[in-house]
Every structure is written in structure tokens, then in C-alpha cells.
Amino acid sequence: MTEPAVRLQKARREFGSTAALDNLSLDIHQGEILSLVGPSGCGKSTLLRVIAGVETLDSGHVFLSGRPVDGDGFIEPEARNVGFMFQDNALFPHLSVRDNVLFGLKKRKDTEAAARAEDLLGRLGIAHLAARFPHALSGGEQQRVALARALAPEPGIILMDEPFSNLDQGLRQRVRDETLSVLRASGTTVIMVTHDPQEALSAGDRVVLMRGGAIVQVGTAYDLYDRPVDAYTAAFFCALNAVPGLLRGGRVETRLGTFAAPPALAPEGATTLYIRPDAIDISTVPGAIRARIRRRVFLGATEHVILAVEGLDQPLTCATSARLPKDADIVFLSVSPEKVLIF
Amino acid sequence: MPASSPAAGLLRRSGRRWLACAGVVALVVALPFVGLALEALKGSPGLWAHLVSSILPVALVDTVILLAGVGLVTATLGTAAAWLVTAYAFPGRRVLEGALLLPLAVPTYIIAYAYLDILHPIGPVQDAVRWMLGYESPRQFRLPDIRSMAGCILLLGFVLYPYVYIPTRAMFLTQPGNLIDAARTLGISRRAVFWRVALPMARPAVAVGIALALMETLNDVGAAEFLGVRTMTVSIYTTWITRTDLPGAAQIALMLLLIVVGLVALERWARRRQGYAGDTRRNRGMTPVSVAPSKGVLLLAAGLVPVLLGFVAPAIYLAIEAWKRYQFASLSARLLHEAVNTIVIATLATAVTITLGLLIAYAARLRPDTGWFLRVSTLGYAAPGTVVAIGVLIVLGSADQLIDRAALQWVGISTGLVFLGSGAAVVYALTVRFLAISAGGIEAGLSRIPLSLDHAARTLGQSPSGTFRHVHLPLSKTAIAAAALLVFVDCVKELPATLLLRPLNVETFATHLYGEAARGTYEEASIAALAIVAISVLPVVLLSRVGVAGSASSTSARKHDTIEDTRT
């Protein structure tokens, strides 16, 4: 079996009294695209910087393709064959686009380096910008130059620290798709840090959710969304309705119905059921559970309807794509049992 | 496996050569102060009693009053001038912006020298005043004597205010215009914006400026001595020169250093905030408001007052006196020789100072945890020239003896005074004195470069030294040039250390002027003084160009703004 591209073993890094990395262990496979997601301050950027070697560990180990790079035999960042893309792109303002791309190719022969740079600029569709300076480029263009520069020395791993967060919404998705397809085609291992849950779910082969310097859950996007390990993970990717319930005989009884509980759940008694907005169906056709509409938020593809249900203290939010009558007041709801989360 | 200790980590990573060099620089700078402390300990109790009873009380009180007065005058003048040229648009503003820097070219001892003669009871000004009032002789009417504490405060204030003006104006220029706009929409009048928004935000810059001006004040020997103010600096000088009491001088010097440490703390504290405020550099600056022509003339006149008093009047006086002297005796070979000495010493010291400044500023960036190297290295700026000179004298004097003795013993040749005799001592002292200007300016320049550029360069295969060469050096050229200019001016103007450490028979313009003023023989000193002012004006003109160019290049900054806007 091939060595993982990156292996972290009990990586620990403290800033003052807070642990940015709290004995974190993780393997990242060759050629994989990994999304690293979490709230700000969870240590995801620190993790990236440790892999790049611009930050050191207090304890623990980092291996790149099986080679130890942190600890006693520290390997300098310039010797790690790792590319880095920064939130602010970090293009050298005194160098033209071409010279920015050539910056990492100083060890190659001039003709070879120039050919490599031309090739990359052409492939990324920015050949016409080669003589320009970074300040004269748009955000999307800067992004592509940063990608070309990072790819130029053919790094085994590309680290991206919220590289798309400075782009506006429409541009962001396009640039991200382009960037990732280029990286996928080159077979590069990619670790992308983001604080945007949607971006994390849509971009990576695997997703790592971090909190407080530790990993909460690792898995595919489907794993994290459909089978979250706890309410925090579930709520991170999607707003949840929390409904109080009573666990009895392997079933949870709530105001919205009775649901099967996972077998391992213990002990019996009061518990909480989590229901995603899209797991609640509403219709004006009379049914078992009656609810009063308190507010409607129209989002285009879906509409969020905030409902008051008798017997529940908190209002429920439900997402529907069906059009309710304009003057609808009372609706009837049903819950898809397979989408209910119990922890 | 055991975790490696932080200290091991520190040494393990690259950049340790930079770190080691920075450590050596810090040591070299600290050495004169260590020597000073050791020398002070040699002082006999008898001498100390004399110091405490007769010299220190007067010196301490005079020093504190002088500092308070100069601080107030420079803060008021510097801030008002900076606000005038950034907040209002009126004809002549561009010229005034640069002209306000001119007093920087007039050293404290030269302004005192010039005004002593200009305001002399039988000098041109008092003659004119009496003529207008109809008095016949100085016995009937004379202005208050310039040789007083108030006179000293005013004269120093009018040449030192640019230290406040420069950073404060820069701060006003980079202050985000949208903050000003926000304040206006929140119902604060244009006038009140100064007190409520602009001044509080510029406070770090004002504090840095005041700290620098006060360090200059403590450094001054000439003006205070000519004007009869017995500051601690003057006391050190006289204690040593007239009574040859080196331990006593070292003791006062150490006490003076206590005041200095407070000023350094102020400067450091303020600079930290400055770096923080530097994040706003990409913002649109404040737009100056146009004023009616009549008000414009008034503003221009007000802005010209410090320029007239701090530069034009003394410069014209010196030019007239120098012309008279030139007519009388032409230029002596001695003066030309002094010109060469002055420029050679200043250039050498500037080269050394900038090199070391780059070294410690970059080392501090590589390893922020070792920032104290930088703080130690910059200690010298605050220390008055006399204090540094005595320290250098002690250190290099011992070194010279050591080398001489070793050479005699091993080779049988007496080397004499290798350092003190060659002028290396002067360069050493100037470097210790001005390393803070160089390191501080370069550090500020480096702090404008985002750390992500360092990391980008490192992950693209550059070592710390390569990153410095390919990224930091080209991006901080302007800051380095500006620092070099400031250091050069200061080296040319510097009096006390040069006076005490120059090799025998080597005179510079500054020491020549001091010598004549001290003897009371007004011969060629006006030419030397004019030369110092002229040399000092050149970098000041360039400095003002840099400032103007900075605001002219705002077109590209604007372009950047639009990019930033589309991103968010």
C-alpha cells in the first residue's frame, strides 16, 4: 500500500493557553481532494501551515509521503514540495504575472522554466495577462495566477487557505470548479480550508470537520450530512429543528409522531430529536398534525415556512418547494422518519 | 518520543544565521552601555555626594521642564501643521507640505547659534523694534533675553516639530476616508472630526513623534549650553570635559538613561499601534476640503510661520553672515577638508547603520519571538550622543589598549589607538545612535508586506535569505531609501559624539561650529553652519518628494480599491 500523502500523528500546537491543534491525527491519501471545514479559530489554518512548514508543532509528527518533516529532523518549507494558495492570493506585487509564475522555477533551466510557465498560463487561460502586474488584475484573474504559480514547481500537495472567499458568490463557484478540475487532472493532493459548509460538501472527496483544534468527523460529504456523529456536525451543515421527545422501548415519542431509535441509544427517558427543514412536508390537505403559519421566507427554489405547533415551545422551520396559497394560515405536516436524527 | 523543547526548535529552523547576526548586533550596541555602567560603579562616594547636592537637583528640574515644554510645542505645531496640509485644499498647499519639513535641516545648536545673534540686544531685530518704538539705546528697551528656559523651549520646538509632523501627516493621509465620511453622517461637523476621529486615530503617530523629538532634546548639548539651560546632558558634558570626572559623567548618564527608557517605552508602545493602523493603507484617503481664497491665504500664512521661524530666518541670517565672511576671506582649505570629513564619516556610518538595520529588522520578522534583539539594538537612539560617546570611549579605549599590548607582546610593534585614532569610534557611536532610525524605518516598511508573501516564497523554494533578496528587498526599497536619508542627515548634524570621539586634528563642520561658538570667535562658523543646513536640506527635499510621490501614486492604489470592492 502506498504511503499517505500527509500523515499527522498527535499533532499539537498551542498559542498561549489555547490549543490550535489538540493531538490531532489524520491521514490524507495521494491524489485526494480534502475539504477542511470548521468555524473560525478551530485550527484549520494552523493545520495547513504546519503541513507547509511555516508553522512548527509543539509535539507530534507530520509525515509527507512517509518522510518525517516535523520534530527533530525539521524540513524547511522550501524543501517540502508543497504548494500554497492564500486567501489574499499573496501575489508578489513587484513582479509581473509571468515572473510570479517563474518565481518557484528558479532551480530549473531558464528555457525549461519559461516553457513550463507559458504552458501553465496557456492552460489556465491567462496567457494574455503574462506581462501585467497583480494590481491590474481582477479577483478571478489573480486567483488563476496564484494557482499557476503554486502549480509551476509541480508540488505533490497543494494547500489552499480559503482561496475563494475573496471572490463574489457567482464568480466563486466558477473559479472553484475550474481550479479543482485542473488540480484533479494533475493528480495533485489537495487540502482546502474553508469556513463555508456548502463549499466543503461540494468540493472535496472527503470532508474533515474541526472544532477546538480537534477533528469532529471525517468522511465523505454524504457521511457528514446524512450520518453526522453528533448534533454539532448536523447543525454545522444545515439548520436543525430540535424537538423534545421521550425514549421508551426503542422508540422516541414526540409531539410530531413516534420514531424508531437507533439500537445503541440509552438510557430511557427525555431526549431530543433533530429534524431538518426538508424532512417536514406540509400541505393544506387535513392531516394528523396541525400547525399555524407564523412567517414565510421565500428563497426562490424553496420557501422556508415557520410554523407554530401546539405542544411545542419552539417554532418549527420547514423547507418546501410546493407553493402554498397566498393566504394559507393553517397547514398540516408530516415528518419523513428516515430523515430524523437522534443522537 | 519526547517532544523537542522550544529552544531546540528555535535553533533547529533555518534563519538562525540571521538570528545569530541580530544577536551580535544587539551585543555590539549594548556594549557601550555595559561599559558605562561598569565605569559608573568606579565613582567614589565623595564625588557622588557632590553630584547629588549641587549638580543633579538643578539639572533634573531643568531637564524635566525642558522636556515638558518641547513636548507641548512640538505636539501642537506638528499636529496642527499636519492637519492643515491634509484636511484643507488651498493654493500653495503642496509647497507648504514640503516646506514644513525644512526645519529638520537646522540642528538645535545652529538655531540657537543663529538666534543668539539675530536677537542680540544690539542685533538687527531689537534695533528694528527700538526704531519702530522710538527708543534710542538698549538701556531704554530690550526684549526678554533669549538666553532662558522659555527661549530654549521655543527654539527647540521650532526645529523639532517635524518629528511629529511627519508621522502624523502620514497617518492623516492613510486614514480611511470612509471613516471620516461615517463620522460626518453620524452628525459630527467637519471641524469636530479632527477632535473626535482624526486625532484619536493619529495618536500613536503623535506619540512616536513626540518621543523622537524629546530624544533629540535630550541629545542636545549646543543649544542648551549656548542658552544657559543646565540640562543633565550639559552636566554630563561639563562634568567630564571640565573636571575630567569620567565616573561622575557616567553616573549622570545612567540617571539620564532612566528618563530615556520611559521615552523608548512610549515610542515602542505607539509603534505597535501604528502597525495595526497600517492595515488601512488600501483605503481611500481623506479628501481635503476646498476653502475660500481669503481663508486660503490665512491658512497658508499660518502654515508658513513655523517654516519662517524654524528655517527661513536662521538660513537667511547664516547666508548673509557667510557671504560677508566669504567676501572678507574667501573659502579656506580647512573648510573644504572639513566638508570631505563630514561626508565621508556620514556616508560610512549610514552604510553600516542601514546594513545592520536590515539585518535586525528582518531577523525580527523571521522570529517575532526574538523581538527583544531589535529593542536592544534600538536603545542607542534614545541615548544622548554624549552618553553613547562616553560608552564607546570606554569600550574602544579598552580594546585599543588590549590590541596594543597584544601586538607589543607578540609582534613587538605598538599599534597605538586602532579604533579611537582611525575614526572607527565615531562611526561606531553614530551607528549605535542611529540604528533605531534605520531599523525602525525598515521594520515599518517590512510590516507593510503581508506575511503570506513570505510563506508563498518559502513554499516556492526560497530560503529565508532568498525570500529577503527576492521579495522583501525590492518591496521595501522606498522604506530603506527613506531610512538612509534620515540617518545621513542625522550623521551630518550630529555634534556631541563626533566632538568627543573624532581623531586628533580631524574636524567636521559641526565640531568646527562648536569650537568657534565655544571660543566666542565668530569667524568661519557661519559658513560651516550654512553648509550643514545645505547638506541637510538635500535629503529633506528628497524626503518631501517621496511624500508627494506617495500621494501621486494613489491612482494605482485607487485601482486596487476597485479590485478590492469587486471581491467583497
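How many of the 5 residues of β7(A) are buried, and how many are left out? In this predicted model, 5 of the 5 are buried, so β7(A) is largely enclosed by the rest of the structure. Here a residue counts as buried if 20 or more other C-beta atoms lie within 10 Å of its own, as exposed if 12 or fewer do, and as partly exposed in between, with C-beta atoms placed from the backbone. Helices (H or I, at least four residues) and strands (E, at least two) are DSSP runs, numbered from the N terminus.

A word on conventions: residues are numbered from 1 along each chain as its sequence is written, while chains are lettered from A and ligands numbered from 1 in the order in which they are written. Since the model is predicted, local features need pLDDT of at least 70 and side-chain atom pairs count only at pLDDT 80 or more, whereas totals for chains, interfaces and linings use all residues.

Back to β7(A). A:Ile157, A:Leu159 and A:Asp161 point one way from the strand, A:Ile158 and A:Met160 point the other way, and all are buried. On one hand, β7(A) pairs with strand β6 (residues 82–85) of chain A in the parallel sense over 4 bridges, where two strands are taken to pair if DSSP finds at least two bridges between them. In that pairing A:Val82 stands opposite A:Ile157. β7(A) is also joined to β8(A) by 5 bridges, again running parallel, and A:Asp161 has A:Val193 of β8(A) as its bridge partner. Between β7(A) and β8(A) the chain passes through α5(A), and this β-α-β crossover is right-handed, meaning that, with the strands pointing away from the viewer, the path from the first strand over the helix to the second runs clockwise.

Within α5(A), A:Arg176, A:Thr179 and A:Leu183 are buried. They cover an arc of only 75° around the axis, which puts them on the same side of α5(A); the arc is that of the directions from the helix axis to the C-beta atoms. On the other side, A:Gly170, A:Arg174, A:Asp177, A:Ser181 and A:Ala185 are exposed. What do the buried residues of α5(A) pack against? The list is β3 (33–37), α4 (139–151), β7 (157–161), β8 (189–194) and α6 (197–203) of chain A. After α5(A) comes A:Gly187, with a positive phi near 70°.

Elsewhere in chain A, an open sheet of 5 strands runs in the order β15-β19-β16-β17-β18, with antiparallel pairing. β15 (280–283) and β18 (316–320) stand at its edges, each with a single partner strand, so one side of each is left without a neighbour in the sheet. From one strand to the next the twist averages 45°, with axes being lines fitted to C-alpha atoms (for helices over the stretch in contact) and angles running from 0 to 180 degrees between N-to-C directions. A:His304 has A:Ala319 in β18(A) as its bridge partner.

Most residues other than glycine have a negative phi. A:Asn23, however, has a positive phi near 50°; A:Asn23 sits in strand β2 (residues 18–28) and is partly exposed, with 14 other C-beta atoms within 10 Å. A:Ser65 also has a positive phi near 50°. This serine is in the loop between β4 (59–64) and β5 (67–68) of chain A and, with 16 C-beta neighbours inside 10 Å, counts as partly exposed.

As for the chains overall, chain A has 8 helices and 20 strands, and 40% of its 343 residues count as buried. Its C-alpha atoms fill a box of roughly 75 × 45 × 40 Å along the principal axes. Chain B has 27 helices and 2 strands, and of its 568 residues 47% count as buried. One of the buried residues there is B:Leu101, with 22 other C-beta atoms within 10 Å, in the loop between α4 (93–99) and α5 (108–118) of chain B.

How values were computed:
Contact = placed C-beta atoms within 7 Å.
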